[in-house]
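Here is a short briefing to read alongside the sequence and the 3D view.

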Amino acid sequence: MQKQSIFQSKLLPYALVAPQLAIVLIFFYWPAAQAVLQSFLLQDAFGLSTSFVWFENYVELFKDPRYFEAVVRTFVFSFAIAFSSLSFALLLAVMADKPLRGGMVYRTLLIWPYAVAPPVVGVLWIFMLHPSLGVLSRYLRDLGIDWNPLLNGDQAALLIILAAAWKQVSYNFLFFLAGLQSIPKSVIEAAAIDGARPMRRFWTVIFPLLSPTIFFLLVVNIVYAFFDTFGIIDTMTRGGPGKATETLVYKVYTDGLLGGNLGSSAAQSVILMGIVIALTAIQFRFVERKVTY
Amino acid sequence: MVEHEGIQRYLAHAILWIGISVVAFPVYLAIVASTQDNAVIANGQMSLLPGGHFLQTYYQTIFVGTSGSTREPVGNMMLNSLVMALMIAVGKIAISIISAYAIVYFRFPFRMAMFWIIFITLMLPVEVRIYPTYKIVADLHLLDSYAGLSLPLIASATATLLFRQFFMTVPDELLEASRIDGAGPFRFFWDTLLPLSRTNMAALFVILFILGWNQYLWPLLITTRDDMQTIQIGIRKMITTTDALTEWPVVMATAVLAMLPPVFVVIAMQKLFVRGLVETEK
């Protein structure tokens with residue numbers, strides 16, 4: 001696509017792209033290239049000498065069972081967060097799509113958690129479910145559950161998943177509602193006249209028509225679970241107890257910071273880059289977005 | 001439709017209110033906790049109704065900070081967050097709109113290369129280049145500065161794409177008309193294109209402000225001085241000390257204060273927010 005009428009100028013267009021180009025080259029491409037380069041280097045324990053080791057950092061990673069566990073964990077988290085958040089949001093959106101009094105009020109009351117920052121989400125949830133002072137922990141203990149996410153890895157993972165899903169409900173709700181509202185009412189009425197009950201109407205008519213929205217949201221939720229959960233994890237569990245809540249992004253952070261293992265951290269960054277590229281490609285190639293407002 | 005209209009409708013209302021309660025409960029708890037006495041909370045005896053320490057806690061939080069570890073007033077952190085969020089939002093919009101203008105309204109060598117160079121940054125989030133970016137910012141002596149907090153985040157493939165798309169829909173006749181009036185590239189941009197882009201800019205601003213205010217990983221890396229930390233970093237530091245020393249009412253007041261500006265923006269500018277969210281995802 002090109003404009004027919006344009007301006008003639010030799011230098012001006014370069015001056016106009018220059019600021020963005022400078023930032024992109026200095027803060028995006030240069031560091032990304034550095035990360036790739038560093039992933040082929042190995043530093044000795046004192047940081048005095050570095051040697052070029054080809055793919056040793058990668059080989060080490062793939063041999064490390066802890067890295068493999070982090071990969072599996074990240075995927076489990078992603079799907080658990082996406083599934084729980086999407087199903088809850090879909091239920092609410094289907095209800096809010098009905099011609100109810102105060103429909104707009106419901107929307108307002110459901111979309112604001114989008115604006116809550118991940119670290120704050122972490123603080124809110126750890127406070128609510130803190131083993132010694134959490135308000136809900138009391139009830140869990142009354143039910144006979146030995147609730148302690150600060151010591152029990154599975155409970156910590158569950159807590160992260162719940163907190164992360166909680167934040168994402170608002171986003172999913174908004175897009176589901178938009179998707180539902182774009183389905184022509186006549187289609188649903190036709191199904192009703194054919195005698196399909198509400199549940200059947202939902203699964204055979206509405207759900208298939210929503211599938212582009214669902215697929216789009218699935219990709220967005222996975223990207224969210226991969227990257228935006230960092231703040232939640234960091235305020236709530238710091239990847240612990242043990243390594244029970246350490247995701248790939250969190251591992252890049254801790255290995256480079258505390259472990260000082262920059263070569264390995266860089267190799268992990270490069271692998272993450274590959275994942276982002278794949279997810280972005282999926283998003284642009286396969287996702288048809290027909291959301292209209 | 002036909003069946004059980006009444007029951008269906010009551011059920012929908014009920015489910016929505018349950019949903020709203022589930023969503024709102026953690027925040028309600030934070031508000032309530034911020035008005036109570038720390039000793040009671042630490043005992044695990046927290047009441048679910050507001051207490052009487054509202055003014056005291058918020059005064060302490062905003063002007064003094066925690067009495068333990070950092071002692072940094074949260075008011076100052078909010079100011080840092082505000083400056084950073086505004087710089088990121090305004091910066092992204094400014095540099096994106098001018099690069100989109102160049103790409104759409106000019107023909108020059110490497111035009112599409114420029115576009116792709118900007119576009120590909122979509123695939124390079126901070127998380128995948130954490131330490132090298134940190135090193136560059138350190139080498140440029142930008143640690144603990146507003147420039148260091150915002151500059152590396154200011155590029156925006158999404159905003160550039162959005163403006164490019166919008167400019168493509170602007171009729172050519174407008175450019176021809178203003179050219180007949182003797183307008184050059186600057187006049188056309190300022191008098192015609194910018195006013196037309198107002199709604200897009202506003203919608204984008206709402207989203208980018210929230211995004212900027214909620215930044216976490218980047219400020220965590222590059223701020224070391226307490227007086228430069230943003231509110232998101234401050235709240236994390238407040239709960240680092242051992243549990244017994246955590247001043248929960250102050251932490252919860254900080255959480256409430258951290259939520260207030262972005263949540264207010266979402267609710268007060270709901271239309272723009274929804275528009276921005278839907279458009280930036282295209």
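In chain B of this predicted model, helix α11 (residues 198-213) and helix α15 (residues 270-280) have axes that come within 8 Å and cross at roughly 85°. Angles of 65 to 115 degrees count as roughly perpendicular, and α11(B) and α15(B) are therefore roughly perpendicular to each other. The points below start with the residues at that crossing and then move on to other helix pairs, the contact between the chains, and confidence.

**Where α11(B) meets α15(B)**

- From α11(B), the contact uses Ala202(B), Ala203(B), Leu204(B), Val206(B) and Ile207(B).
- From α15(B) come Leu272(B), Phe273(B), Arg275(B), Gly276(B), Leu277(B), Glu279(B) and Thr280(B).
- Sorted by class, the residues of this contact are eight nonpolar, two polar and two charged.

**Where α11(B) meets α4(B)**

- Helix α11(B) also packs with α4(B), at an angle of about 140° and with the axes 8 Å apart.
- What word describes how α4(B) and α11(B) lie to each other? Roughly antiparallel would need an angle over 145 degrees, so at about 140° α4(B) and α11(B) are oblique to each other.
- The crossing of α4(B) and α11(B) is right-handed.
- On the α4(B) side you will find Ser81(B), Met84(B), Ala85(B), Ile88(B), Ala89(B), Lys92(B) and Ile93(B).
- On the α11(B) side, the contact is made by Met201(B), Leu204(B), Phe205(B), Leu208(B), Phe209(B), Gly212(B) and Trp213(B).
- Eleven nonpolar, two polar and one charged residues make up the contact of α4(B) with α11(B).

**A helix pair in chain A**

- Helix α3 (residues 65-97) of chain A and helix α7 (residues 153-181) of chain A have axes that come within 6 Å and cross at roughly 45°.
- At that angle, α3(A) and α7(A) are therefore oblique to each other.
- α3(A) passes α7(A) in a right-handed crossing.
- Their contact has 20 nonpolar, five polar and one charged residues.

**Chain A as a whole**

- Chain A is built from twelve helices and two strands.
- Along the sequence, the order in chain A is α-β-β-α-α-α-α-α-α-α-α-α-α-α.
- Taken along the principal axes, the C-alpha atoms of chain A fill a box of roughly 75 × 75 × 30 Å.

**Where chain A touches chain B**

- The contact takes 80 residues from chain A and 81 residues from chain B.
- On the side of chain A, helix α1 (residues 12-38) gives the most, with 19 residues.
- That side of chain A divides into 60 nonpolar, 14 polar and six charged residues.

- The model scores ipTM 0.88 and pTM 0.89.
- Chain A averages a pLDDT of 85, with 94% of the residues scoring at least 70.
- Over residues 289-293 of chain A, pLDDT stays under 50, and the model has 15 contacts beyond four places in sequence for them.
- Chain B averages a pLDDT of 86, with 95% of the residues scoring at least 70.
- Within chain B, helix α4 (residues 74-105) has the highest confidence, at a mean of 93, and helix α2 (residues 38-42) the lowest, at 77.

Terms used
Residues numbered from 1 in each chain as written. Chains lettered and ligands numbered in written order. Predicted model: local features only at pLDDT ≥ 70, side-chain atom pairs only at ≥ 80, totals over all residues. pLDDT = per-residue confidence, 0-100. Contact = placed C-beta atoms within 7 Å. Helix = DSSP H or I, 4+ residues; strand = E, 2+ residues; numbered from the N terminus. Nonpolar A, V, L, I, M, F, W, Y, C, P; charged D, E, K, R; others polar. Axes fitted to C-alpha atoms, helices over the stretch in contact; angles between N-to-C directions. Parallel < 35°, antiparallel > 145°, perpendicular 65-115°, else oblique. Left-handed = near helix turned anticlockwise from the far one by under 90°.
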